[in-house]
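Please look over the strand pairing and the crossovers below. My comments are grouped by region.

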Amino acid sequence: MQETRLDTARIRAARRVIDPMFLDTPLYRCEALEPRLGCAVSIKLETANPVRSFKARGTEVVASRLSDDGSQAVVCASAGNLGQALAWSGRGRGLDVTVVASRFATRAKLDRIRALDARLELVDGDHELARERAAAIARHENIRLVEDSLDIETCEGAATIGLELLELVDSEPSFDAVLIALGGGALATGVGHVVKALAPEVEVICVQPLGAPALTHSWRQRRVVTTDSVDTIADGVAGRFPIPAVLDDLLLVADDAVLVQEASIIAGMRMLFDHAGLVVEPSAALGVAAVLEDRDRFAGRHVAIIVCGSNVDVDAFHHWVGAAVHSPW
Ligand SMILES: Cc1ncc(COP(=O)(O)O)c(C=O)c1O
């Protein structure tokens, strides 16, 4: 039988080193969304913290272990949210943080990384080129490279969301499916592991954009499938080269992996704004998009949706949400 890299006891231990500011995030029924989505909806809100995404759960674990080891510096590649989170967690522990990102990354994310005193290096290509450059810096400067989703701390940190989804409920969880945005896979493997360990009857459904489908294709074919390009507004989940060890973990915990269209992501953002009062980035609307595209599947059920980030350029947000005025939803 295939072994997972994840361990529930280690995830509980990880929870103890994360700044409480990032923990125990709101989990609530969002009744205003329910008539529109045709099912009961619980939101797990991961945007109301200093870095506006769940990624600090993982970087808190990384940074606390680095400072325990006496490390001085760390580097990562990021589409923006991991970098911002590592900058925050590293700053508080006196670590020199370098973030490598694409120069085409969301401006708000790049600005916030700089504002947190990290060194930001931009590459003239996409996220995969940023990953190569970060690895080269780590080798050259002999410092720790944080690889999102490959480094187990990033998965364990994200997995603490799963503990909160399940441990706050007294008996059986009230929801029967959890919808998880799928990028590199830290969030889905982490939360998926906890869900399958504590409430295996709950369906774990990963959601990716049709325009960035590499890990979903890999999950379906049970082997790593790469793509030549990405084409999506959901920048937080737009990778091309899935990591084999992460795919192995994902195969053990995901019940399904679905792909959604850009129009549905935009409709999801607009719905979350209109009916939940939430400004979210595209990646955080993937769960709503998945329900919109397959209402029959979810009709009458209760889904938990992790609203995982809100780092979005204001102009782009207005453009997307304003443009969706005539959406049928
Ligand atoms: C807002 C947001 N949602 C979802 C994801 C995907 O998470 P993961 O890469 O852990 O699969 C990311 C990744 O950075 C993100 O920033």
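1. Residue numbers start from 1 along each chain as its sequence is written. The model is predicted: local features need pLDDT of at least 70, side-chain atom pairs count only at pLDDT 80 or more, and totals for chains, interfaces and linings use all residues.

2. Six of the seven residues of E4 are buried (20 or more other C-beta atoms within 10 Å of the residue's own, with C-beta atoms placed from the backbone).

3. E4 pairs with strand E3 (residues 73-77) in the parallel sense, over five bridges (two strands pair if DSSP finds at least two bridges between them). Val99 of E4 stands opposite Cys76. Strand E5 (residues 119-123) also runs parallel to E4, joined by five bridges, and there Leu120 is the bridge partner of Val99.

4. From E4 the chain crosses through helix H5 (residues 107-115) to E5 in a right-handed β-α-β crossover (clockwise from the first strand over the helix to the second, with the strands pointing away from the viewer). E3, helix H4 (residues 81-91) and E4 also form a right-handed β-α-β unit.

5. An open sheet of six strands has the order E1-E2-E10-E7-E8-E9, with mixed pairing. E1 (27-29) and E9 (256-260) are at the edges; each has a single partner strand, so one side of each lacks a neighbour in the sheet.

6. Within that order, E7 (residues 177-181) and E10 (residues 302-307) pair in the parallel sense over three bridges. Val178 stands opposite Ala304 in E10.

Terms used
Buried ≥ 20, exposed ≤ 12 C-beta atoms within 10 Å, placed from the backbone. Helix = DSSP H or I, 4+ residues; strand = E, 2+ residues; numbered from the N terminus.
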